[in-house]
Amino acid sequence: MPSSNHPKLDIRDLRVEYYTKGQNTVALEDVNLKIADGEFVSVVGPSGCGKSTLLKIVSGLLKPARGEAKIDGESIKDVPDQVGMVFQNDALLPWKTVQDNVRLPLAVKGKSKAEQEQEVNRLLEMVGLSGFGGFYPKQLSGGMKKRVALARTFAYDPDIYLMDEPFGPLDAQTRVKIGEEFLRIWEKVGKSVLFITHDIEEAIALSDRVIVMTARPGRIKAEFKIELPRPRPFYDIRFDPQFKALQREVWLQMAEEA
Amino acid sequence: MAMEMKQAQAQARKPRLRGESSAATVWLGRIAVFVLAIGLWELLSGRAFNSFWVSKPSLIGVRLLQMIESGDLWFHASFTLQIAITGLAIGMLGGTLLGIVIAYSGVVEKWIYPYIMAIYSLPRVSLAPLFIVWFGIGMSSKVVMVVAMVIFVAFYNAYEGIRNIDKDLMDMMKTYKANWWDKLRWVVLPSITVWILTSLRLNIGMALIGAVIAELVGSNRGLGYYISYSSNMLDTTGIFTGLVSIMLIAILLEQVINIVAKRLLKYR
Ligand SMILES: Nc1ncnc2c1ncn2[C@@H]1O[C@H](COP(=O)(O)OP(=O)(O)O)[C@@H](O)[C@H]1O
Ligand SMILES: [Mg+2]
């Protein structure tokens, strides 16, 4: 299917409900969102507004109550081939070494051992973890675990990266450093990203577009096109007057929700 | 990066916590308790108590050596061990597989689970006579007894292990489009390994109890038989020698499990 005819990701009239213990929670309502091939879109919103739920829909882990999500024009039924998820808590396998964790998607795809090893080495070098292949996740700092999780998703090489507050639990310094490295790698890879965060600066610095969501049930409240030139300096861009103006506007939208 | 590396190294080298005593102190203490208990027993037996009823460590030691020399110990212990280990293997495998299957069986789980727990609450020791009626007094009835002793704990641990698998890890496998075999290999089995090792540890004792009880009920060989025979002869030294042998076997098997566990859980 030629991707030029369809947006990479197309979400229409989405409504998502949860049923637990006889209780019905509407997590998302009337969500419409298109993401172009290679576009970087961030979603910000108060906690509990359905950001993670949105990613679960796109990754096929959850079924919508109404509306649909399409990738390359095809409705998402099961887990689609095109998505790769970076989980909030890394979701690393504690019983596997760093290199085995990164190898996982390649092994699942049935790549040969030699190919796996070569690719793992390349990716570990890319995220700055050469020499740590034999370590277990327990032996790594939060920032290093995050790099492993990123390397694993790069190994899978999806068309759409789904990232759920990936840098959330890191300290400010590590967070900027990893964000910077991720931006540098992404600018080379050029795949679509749907990025969840609660950090407005991070969202603007990374994205082509920032979506602000309302409190539960989550709806799209506002949308900002970020037309800062690329490649961007992930940290220094924050002193740009255009950045500051955007930051203020996004903040005003978010403040109404809190 | 350099800072992160230092953190990683600091984690690899675990400093001893305050209040944690050294291995030497622990072992010296253990040996002291052992010597004290055995010494008291040796001294008081024949003085405070009639040694006919409570025997004596020295008598038990001598008997043990005699039995090793004559081959009697191996004759009985090997029989008990064979029953216990065969039953343990069958029960662990069966119980664990059953636990996995039932945990993933959807609504069937809800139908069956209460009945499994009802059977579990039965004093299984009382099934020994029934198994003899069904399977004769040979080895098979005794192995079945051991299986009955161990299968529930194996089932329960595997079942709970499955229910405690980190949901994010399973979601992660799903987003990589892993098939069931890959999910089993990469996530399910490693996740429940801790639980299986726990059930194995608990079940070593259970398996020996099962084997010995089956032998007590009806057998002409095994440590259980040796104990009941000694009891008929009013030979307390023989009874204690049988008990000590069972204890030694349990300790030995437990050490084997500890070594296996250390290897399998070295990532923690
Ligand atoms: N498995 C679930 N069962 C019931 N309610 C849920 C479940 N997951 C999330 N919710 C509810 O749906 C809403 C959105 O959740 P989530 O998407 O995790 O929010 P966010 O990621 O924006 O913090 C929350 O109010 C939450 O309580
Ligand atoms: Mg969330």
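Predicted model: local features only at pLDDT ≥ 70, side-chain atom pairs only at ≥ 80, totals over all residues.

Biologist: Which helix supplies the largest share of the lining?

Modeller: That is α12(B), with seven residues. In chain B, α2 (23-44), α4 (57-70) and α12 (236-264) each give at least two residues to the lining.

Biologist: Which residues of chain B does UniProt list as "transmembrane region"?

Modeller: An unreviewed UniProt entry lists six spans under that name, which you can compare with the model: 21-41, 79-103, 115-137, 143-165, 186-217 and 237-261 of chain B. Take residues 237-261 of chain B: the span is 100% helix and 0% strand, with its end C-alpha atoms 36 Å apart. Residues 143-165 of chain B are 91% helix and 0% strand, and there the end C-alpha atoms lie 32 Å apart.

Biologist: What does the record list for chain A?

Modeller: The unreviewed UniProt entry gives "domain: ABC transporter" for residues 11-240 of chain A. In the model that stretch is 32% helix and 27% strand, and 33 Å separates its end C-alpha atoms.

Biologist: How do I read the strands, then?

Modeller: Strands of a sheet pair through backbone hydrogen bonds, either parallel or antiparallel. One open sheet in chain A has six strands in the order β6-β7-β8-β3-β9-β10, and its pairing is mixed. At the edges of this sheet are β6 (83-86) and β10 (220-225) of chain A; each has a single partner strand, so one side of each is left without a neighbour in the sheet. From one strand to the next, the twist averages 15 degrees.

Biologist: In which sense do β3 and β9 of chain A pair, parallel or antiparallel?

Modeller: Strand β3 (residues 40-44) of chain A and strand β9 (residues 209-213) of chain A are parallel, with four bridges. To see one of them, find A:V44, whose bridge partner in β9(A) is A:V212. A helix also packs on this sheet: α4 (residues 142-156) of chain A touches β6 and β7 (160-164) of chain A, and its direction makes about 175 degrees with that of β6(A).

Biologist: What joins β9(A) to β10(A)?

Modeller: A hairpin does, through six residues. The two strands run antiparallel and are joined by five bridges. One pair to look for is A:M213 with its bridge partner A:I220 in β10(A).

Biologist: What is the strand order of the sheet with four strands?

Modeller: That open sheet of chain A runs β2-β1-β4-β5, with antiparallel pairing. Its edge strands are β2 (23-35) and β5 (74-75) of chain A, each with a single partner, so one side of each is left without a neighbour in the sheet. Strand β4 (residues 66-71) of chain A is joined to β5(A) by two bridges, and A:K70 has A:S75 as its bridge partner in β5(A).

Biologist: Which strands does helix α1 of chain A lie across?

Modeller: Helix α1 (residues 51-58) of chain A lies across β1 (9-20), β2 and β4 of chain A, at about 115 degrees to β1(A).

How values were computed:
Residues numbered from 1 in each chain as written. Chains lettered and ligands numbered in written order. Heavy atoms only, no water. Pairing = 2+ DSSP bridges. Axes fitted to C-alpha atoms, helices over the stretch in contact; angles between N-to-C directions. Contact = heavy atoms within 4.5 Å. UniProt positions renumbered as here; feature names shortened; annotations may be inferred.
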